[in-house]
Amino acid sequence: MTAPTRRTVIVAGAGPVGLLTALALARRDVPVLVLEAEPGLTVDLRAGSFHPPSLEMMAPLGVTDEMLKTAIRVPRWQIRDKREGVIVEWDLSVLADVTPYPYRLHLEQHRLTPILYRFLRAIPHAEVRFDHRVTGLTQTADTVTVTVDTPGGEAQVEAAWLVGADGGRSTVRGSLGTEFEGFTWPERFVVLSTTRDFAPHGDTENAYMADPSEWAAIFKMPGDGPPGLWRAVFPVPPEEDEAVTLSAEMVERRLQNLLPNAAPYPVTANGIYKVHQRVAREFRVGRVLLAGDAAHINNPLGAFGLNGGIHDAISLAEKLARVCRGDADPSLLDRYVRQRRTVNLEYVQEFSIRNLRRLSARDPEERQRNFEGLRRAAATPEAAREFLLVSSMIASVRRAEAIA
Ligand SMILES: Cc1cc2nc3c(=O)[nH]c(=O)nc-3n(C[C@H](O)[C@H](O)[C@H](O)COP(=O)(O)OP(=O)(O)OC[C@H]3O[C@@H](n4cnc5c(N)ncnc54)[C@H](O)[C@@H]3O)c2cc1C
């Protein structure tokens, strides 16, 4: 790519949301420059479960077909209780009349980013610069200037627009001074990956296990290929030291507590995460827009975080491309804000909080009420459909489309 011009859109962050935003813009002939702080694409144990609307949105870019080559299709998923066993088992194939992808698709987030990066690199007017950390910004009515820490020292890059997709601790959001409103959960989450197969014990490839002291979320992931890996997420009490959480003894104890096994668990990876529920007060300030975790974060129960970021990326790129080409007034970008901020509050925040409270409820009566409500919903076709439309994010995408 030639030097950035006043037509270029800068994207801060080469995570999944930044790369997807850049790809969707570049495929619409908008010159893009992605600035990433790290020396390469990052590898972590976070997202891995993709909902039908995300697959529909990425399909026209060719991304979904690439994911399908190695990802695991998960049409059925369970809500279980540690003592009572399966409370409900949902079957997404009942949504085959409203989506071509009636399943959850499991693929590690760090296997999606190389697909996006490869596609982006093939476009002459797109560039990704690693080791380029955005440190600040200024803007006028016509341009935005980004300050960047580069291997050669501090540099300034001018462009038409800036998309902050630089994650939960976003420097772009910080530079705008916008509030990140919400709260942080007292417990952290630990994620453990094992080669031990959970399927013979009756777990579907995605299952949520309710328990007042140690609930768990279970996902089967492709790993390096068949037979794949099983990933379990557990709460970590606030007082527990991180070194204890990640010690071999505690890792083994948590997995044995979830599913007792005669042999020790072979564990391939672990990670510990602070968990928040926060939404930026503004998603747009002049020529700067926020997307993905930079704009909103939530606990991972329900797998709404990255999926919501994908919906941001596609919505924003479609509108910003029209503005960049002169086909629409910049006020169109305020519709992106209205749509995406509203559904994040109404769906992502609301239901991720509800999911965590349901899984971790301590009061026996409340637990029984929750389970009865779920069983009733699963037993009634209309209620089951409603539950699946919300939990697969189809309802939130429909709601966003209805916002003018
Ligand atoms: C345990 C766990 C499990 C999860 N599971 C799911 C799931 O199954 N499904 C789901 O939808 N979501 C899930 N999530 C949430 C999901 O991981 C995030 O929503 C997702 O990573 C957000 O992507 P992003 O691109 O916005 O941000 P990130 O993935 O955080 O990427 C941000 C990028 O910006 C870069 N960066 C940061 N600062 C700068 C800077 N100043 N300059 C330049 N670059 C910068 C970073 O290095 C990084 O590459 C989970 C989260 C956790 C914690």
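## Exercises on a predicted model

Arg335, Gln339, Arg340, Thr342, Val343, Glu346 and Tyr347 of H9 are in contact (heavy atoms within 4.5 Å) with Ala395, Ser396, Arg399, Ala400 and Glu401 of H12. The model is predicted, so local features need pLDDT of at least 70 and side-chain atom pairs count only at pLDDT 80 or more, while totals for chains, interfaces and linings use all residues. Residues are numbered from 1 along each chain as its sequence is written, and side-chain values use heavy atoms, with hydrogens and water left out.

**Exercise 1.** Describe how H9 and H12 pack, and classify the residues of their contact.

Solution. Step one: locate the elements, which are DSSP runs numbered from the N terminus (helices H or I, at least four residues; strands E, at least two). H9 covers residues 332–360 and H12 covers residues 394–401.

The angle is about 145° and the axes are 9 Å apart. Axes are lines fitted to C-alpha atoms, for helices over the stretch in contact, and angles run from 0 to 180 degrees between N-to-C directions. The crossing of H9 and H12 is right-handed, meaning that the near helix is turned clockwise from the far one by less than a right angle.

Step three: sort the residues of the contact. They divide into 4 nonpolar, 3 polar and 5 charged. Here Ala, Val, Leu, Ile, Met, Phe, Trp, Tyr, Cys and Pro count as nonpolar, Asp, Glu, Lys and Arg as charged, and the others, Gly among them, as polar.

**Exercise 2.** Give the strand order of the open sheet with 7 strands, and state which strands stand at its edges.

Solution. Step one: read the order, which is E6-E5-E15-E16-E17-E14-E18, with mixed pairing. Two strands pair if DSSP finds at least two bridges between them.

Step two: find the edges. E6 (85–91) and E18 (267–273) each have a single partner strand, so one side of each has no neighbour in the sheet. From one strand to the next, the twist averages 15°.

Step three: examine one pair. E15 (residues 206–210) and E16 (residues 216–221) are antiparallel over 4 bridges, and Met209 stands opposite Ala216 in E16.

H9 lies across E5, E14, E15 and E16, at about 55° to E15. H10 (residues 364–379) touches E5, E6 and E15, and its direction makes about 35° with that of E6.

**Exercise 3.** Which residues touch the most other members of the largest nonpolar core?

Solution. Step one: apply the definition, a set of buried Ala, Val, Leu, Ile, Met, Phe, Trp, Tyr and Cys residues joined through side-chain atoms within 4.5 Å. Buried means under 20% relative accessible area, exposed over 50%, partly exposed in between (1.4 Å probe, protein chains only).

Step two: name the residues. They are Val9, Phe50, Val63, Met67, Leu120, Leu162 and Leu320, in a core of 82 residues. H8 (residues 305–324) gives the largest share of this core, 9 residues.

Another core, of 31 residues, lies apart, and includes Ile87, Phe219, Met221 and Phe387.
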